[in-house]
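This report describes the fold of one protein and the surroundings of its ligand. The sequence and the structure are shown first.

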Amino acid sequence: MSQQPPLTISNVKPEHYEPIRRMRLHPSNRAGFLDQGSFSEADQQLYMEAHAASYIVCLSEGEPVGYAGVVENDIRICTNPEFKKRGIGAKMLREIVRRFPDAKAKILRDNVGSQALFERCGVPFILIDRPSPSRP
Ligand SMILES: CC(C)(COP(=O)(O)OP(=O)(O)OC[C@H]1O[C@@H](n2cnc3c(N)ncnc32)[C@H](O)[C@@H]1OP(=O)(O)O)[C@@H](O)C(=O)NCCC(=O)NCCS
C-alpha cells in the first residue's frame with residue numbers, strides 16, 4: 001500500500017486564504033454550514049485579515065487540505081472533499097480545542113458526519129435546526 005504524505009498543522013498564512021474559500025464553498029461542504037451563501041475572494045481577504053489568528057490549516061505537501069477556526073467562540077471545521085475520511089478533521093479538531101478550550105460547537109441536525117466527528121473526538125456540541133424558508 002502506498003504511504004500518504006505527512007499531514008501537518010499550521011497557522012494560516014495569506015496564501016491559504018483562497019484554498020480555504022474554495023473548500024468552504026465546495027458544494028459538498030457548503031451543505032454542512034448554516035450560511036449557504038457565496039462570498040468573493042475580496043470578502044475572504046477581508047475576513048481572514050481579521051480572523052486568521054484564530055484559524056489553523058492542515059497541510060499535505062504544502063497545500064491546505066482542511067481548516068478549522070473559532071470565531072465568536074464558535075468552532076467551524078472543513079476538509080477538502082478529496083481528503084475526507086483520513087483523520088484530517090479529527091487532527092484539526094483536537095488542535096483547535098487545545099488552542100481554544102472554551103469554544104463551543106453548533107451543528108446542524110442533518111449534518112451527521114460532523115456530529116460523528118465531534119462525538120469521536122469527545123468534543124461536546126449542540127444541535128441546531130435550519131431556519132424554515134420564509135416563503136413557500
Ligand atoms: C465533518 C468533516 C470536517 C469531517 O472531516 P474528515 O477529515 O473527513 O474527518 P475524519 O476523517 O477525521 O473523521 C474522524 C471520525 O469522524 C467520523 N466521521 C467523519 N465524517 C463522517 C461521516 N461523513 N459519516 C460518519 N462518520 C464520520 C468517523 O467516526 C471518523 O472516524 P473513522 O473514519 O475512524 O470512522 C468533513 O466531512 C467536512 O468538511 N464536512 C463539511 C463541512 C462541515 O459540515 N463542517 C462542520 C460545520 S460545524
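## The sheet

Four strands form an open sheet in the order β1-β2-β3-β4, and their pairing is antiparallel. The edges of this sheet are β1 and β4, each of which pairs on one side only. Between neighbouring strands the average turn is 20 degrees, direction ignored. The description rests on a predicted model.

## Strand pairing

Strand β1, residues 7-11, pairs with strand β2, residues 55-60, in the antiparallel sense through five bridges. Within this pairing, Asn-11 has Ile-56 of β2 as its bridge partner. On to strand β3, which covers residues 63-71, β2 is joined by six bridges, and these two strands also run antiparallel. Here Tyr-55 is placed opposite Gly-69 of β3. The hairpin of β2 and β3 has two residues between the strands, and in this hairpin Glu-61 adopts a positive phi near 50 degrees.

The pairing of β3 with β4 is likewise antiparallel and comprises six bridges. One of the positions concerned is Ala-68, whose bridge partner in β4 is Ile-77.

## Helices on the sheet

Helix α1, formed by residues 17-25, packs on the sheet and touches β2, β3 and β4. The direction of α1 makes about 80 degrees with that of β3. Helix α4 lies across β1, β2, β3 and β4, and runs at about 35 degrees to β3.

## Overall architecture

In total, the protein contains five helices and six strands. Followed along the sequence, these elements give the pattern β-α-α-α-β-β-β-α-β-α-β.

The C-alpha trace of the protein spans about 50 × 35 × 30 Å along its principal axes. The radius of gyration is 15 Å, which agrees with the value near 14 Å that a compact globule of 136 residues would have. Of the 136 residues, 21% count as buried. Among contacts with a separation of 6 or more, 54% are made by residues 24 or more positions apart.

## The ligand shell

Which residues of the shell are closest to the ligand? They are Gly-32, Lys-84, Gly-89, Gly-113 and Ala-116, out of 22 residues that surround the ligand.

The most is given by α5, with five residues.

## Glu-49

Helix α3, residues 41-51, contains Glu-49. Is Glu-49 buried or exposed? Glu-49 has 11 other C-beta atoms within 10 Å, and a residue counts as exposed if the number is 12 or fewer; Glu-49 is therefore exposed.

Glu-49 can also be placed relative to Pro-14. The two residues are 35 residues apart in sequence, and their C-alpha atoms are 8.2 Å apart in space.

Terms used
Residues are numbered from 1 along each chain as its sequence is written. This is a predicted model: local features need pLDDT of at least 70, side-chain atom pairs count only at pLDDT 80 or more; totals for chains, interfaces and linings use all residues. A residue is near a molecule or strand if its C-beta atom, placed from the backbone, lies within 6 Å of it. Two strands pair if DSSP finds at least two bridges between them. The radius of gyration is taken over C-alpha atoms; the globule rule is 2.2 Å times the number of residues to the power 0.38. A residue is buried if 20 or more other C-beta atoms lie within 10 Å of its own, exposed if 12 or fewer, and partly exposed in between; C-beta atoms are placed from the backbone. Two residues are in contact if their C-beta atoms, placed from the backbone, lie within 7 Å. Axes are lines fitted to C-alpha atoms, for helices over the stretch in contact, and angles run from 0 to 180 degrees between N-to-C directions.
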